[in-house]
Amino acid sequence: MAEKKSTAINKMNILHGIIIRSTVDEGQIVDIQLPELDSHFLVIAARDIPGNNRIQVLDTQMPLLTSSQISYKGQPILALFGHDFESVELKAREIRISYKLPPSVEPTTIPSVVQQQEIPIMEGSGKNDGKTVDAQTETIPAPTQESGQTQQPVSPAMPDGRPVQTGTQEKPRLAADKRKVALSVPPKTLGWGDIDTVFHQEGVAVVQRSYTFRSVSSNTTSITRATAAKVEDLLHIDVPTQWPFHVRDTVSEATSVPKKKIVIHQQQYYAPCDEKLLEPSILSALAAIAANNTGFSVEIQSQQPTFSPEIQIRRKSAIDKNGKPLAEQIDVMVDQGAYPLFSSELANQLTAGLVPLYPLQAMQIRITTMSSPTAPAHFFGDLGYSKAIASTETHYSALAREAGMNPADWRFKYLGEYPQRTAQVANVRFSRLKEMLNALCERSDYQRKHATYEIQRSQKLRVSTFLNYSRGIGIACGAGISGFSGSFRQENQFSVQVILNANDRTTLNTSFPTRSSSADVWKAIVARELDVDDRDIGFIEDPIELVDSGPVVLSRNIGRLPLLFEKACDTIKAQRFIEPLPIVATISSKASGASGSQFYSDSWAALILELEIDTISLQPIIRHAWASFDFGYVHDEHALRSKVHNIIVRTLVENGAQLSKKKNNEFTMDIEISTQSKGEPISISSVLQGLVISALGDAMTQAMDAEVRYMPVSAEDVLNGIRGGEA
């Protein structure tokens, strides 16, 4: 790395910063060459961080800035600050970073020139973000086994990520299946019964399927901005974040400033893929370091793509001659990128979705978490439960077909509660599910349509411009969950607080955003439990007094937090009219009591989709959707219907489907919601995503007469299915 230059910043009002990121997937940084920088610029590298150069996410660590090893493309290397973004971007183009690439990503042809001459070649690049800068790179000499010294070519790139045209050979891209390495932690396993004995019973049929949920990137990559300013002895951070206390902790670790001297001002945000979970902490820490070094206000911004984890699930089931499931063996591989985050909790949520609603004599689950040279995966509103339940429901529809049964009839016959399932997800009204399924099948005319499409499936020419027999109908059902599992150890660190003052004035304390529809639900619950007017209920706004309620993920705002507020009200009611006011009750998830299950659910969801395969685009076209939900508590049914509609449509589009726009046959959706007055709010976002994916795959399997093994599905997958392969 070039030597650090001691430069004094001119007295201006504010500094603007951007991040220089790696342009290669993996390798080592050999040299960084900085341009001439006057007093208008400040560069922060790993060695300039006064505190800890690590970001702590529960029990996982990742570097704030890397100084040597590159683990994924887009990894932060430097932060560059100046008095305007334009000059910062221009200077960033002059930064040159040399890498030593591992053999797996070296070009197949090495240029013959081997001395010190630079031989740059083209590198594939990412999306132009306008603000996040990929630094230029150059060729360096690197030893080889044959000659002892040769050129190790890497790429120059423009700040927006576009490759510089050099007229030389393009470097081959990495294979689609990049190098994956199993983590050192042992795989999570769960099982009961003697699975080998069941599989070797006489008359048992074995059905095997695999389901791959591809990694996808967010379609709405937004710019994240963080500002830092020192006012007297306090460091103020303004940032849109899903986890303000993580921002505070990261800034404190990086700057060595005590936490009590750091004030986080949480800004409004939109993060459908949980992209405001970790990036705000990275930006805030870098901005705080620059503010501390210069004494000026600092603003830094970045725009990074967000990726979901890749999950592959292999299921092997044993069924008897009547199609009854007897045993199942499941192997799961999860690729979470270079730094697997929340991996233990991900395994818990996967397990909850993998254990089916159908009793089994024996089961064996094995979940292996992998790392790969890709960016750390985000939640996307879910932590594996939706993918797991999608594979479960799709697989059991496949078992029904193997048994020659209608998938709905199969479910009516074999649905049932059993202890191993209850240990994962406890439902208070299991019998209600069959009632919902029966009503849903009647509303959609499922039995008749399924029989008709089965007859059409026998046609030799299913996809024809004139007679399109490629139609199908799919069904799926499951329980809604939200929040972390019961064995999530850190959950007891997160809490809420309720304060009852004189004249029934009540104050709620949480680090979650309070300008949201979820806040109205919390107020309604507290008003009901304490018998106070909701107009007398307010929220603590002072960021210094807030309690840490944890990250805003997994629909905890509508699932876990209402339960905590209710428990806090119970504590207050026990002291009311006995203890003097104000009465303060602080409740964590640990203090709220465990149900004996990993998850508690007071909601059911069932879904049916009807579709056809378009003969031109080879895309599944959704004709109709029917959905039924049973909740314990609904605060605003109109808002809930809108949310359900949006989740279904978004999930369909994200997984390769389109809505029918045919005249007199446009896409329609029929939603039915039932409630139980004294139940608890539980989110159905995660399970609904899984049911949509499952019903989509089930309907496509019938339409193409081919198993759908990949999601999202592409036109190429459909074509393979039509040709007689696997979609």
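Which residues lie nearest the centre of the largest cavity?

## The largest cavity

In this predicted model, Glu 279, Ile 282, Gln 304, Pro 305 and His 378 lie nearest the centre of the largest cavity. They belong to a lining of 24 residues. By class, that lining has 10 nonpolar, 10 polar and 4 charged residues.

The volume of the largest cavity is about 290 Å³. The structure holds 8 cavities of 30 Å³ or more. Rolling a probe the size of a water molecule over the atoms shows where empty space is left.

## A four-stranded sheet

An open sheet is formed by 4 strands in the order S27-S26-S25-S28, with mixed pairing. At its edges are strand S27 (537–539) and strand S28 (583–588), each of which pairs on one side only. On average, neighbouring strands of this sheet are turned by 20 degrees against each other, direction ignored.

Strand S26, residues 506–509, pairs with S27 in the parallel sense over 3 bridges. Thr 507 has Gly 538 in S27 as its bridge partner.

## Helices across the sheet

Helix H11, residues 517–530, lies across strand S25 (495–500), S26 and S27, and runs at about 135 degrees to S27. Helix H12, residues 560–575, lies across S25, S26 and S28; its angle to S28 is about 145 degrees.

## Lys 260

Lys 260 is found in the loop between helix H3 (244–255) and strand S18 (262–266). Lys 260 counts as exposed because its relative accessibility is 69%, and exposed means over 50%. The C-alpha atoms of Lys 260 and Leu 235 are separated by 9.5 Å, and the two residues are 25 residues apart along the chain.

Definitions and conventions:
Residues are numbered from 1 along each chain as its sequence is written. This is a predicted model: local features need pLDDT of at least 70, side-chain atom pairs count only at pLDDT 80 or more; totals for chains, interfaces and linings use all residues. Side-chain values use heavy atoms; hydrogens and water are left out. Helices (H or I, at least four residues) and strands (E, at least two) are DSSP runs, numbered from the N terminus. Buried means under 20% relative accessible area, exposed over 50%, partly exposed in between (1.4 Å probe, protein chains only). On a 1 Å grid over the protein atoms alone, a cavity is a set of points where a 1.4 Å probe fits but cannot get out, and a pocket is an open set with protein on both sides within 12 Å along at least five of seven lines; lining residues have an atom within 4 Å of a point. Grid points are joined across faces, edges and corners, and a volume is the space filled by probe spheres set on the points. Ala, Val, Leu, Ile, Met, Phe, Trp, Tyr, Cys and Pro count as nonpolar, Asp, Glu, Lys and Arg as charged, and the others, Gly among them, as polar. Two strands pair if DSSP finds at least two bridges between them. Axes are lines fitted to C-alpha atoms, for helices over the stretch in contact, and angles run from 0 to 180 degrees between N-to-C directions. Contact means heavy atoms within 4.5 Å.
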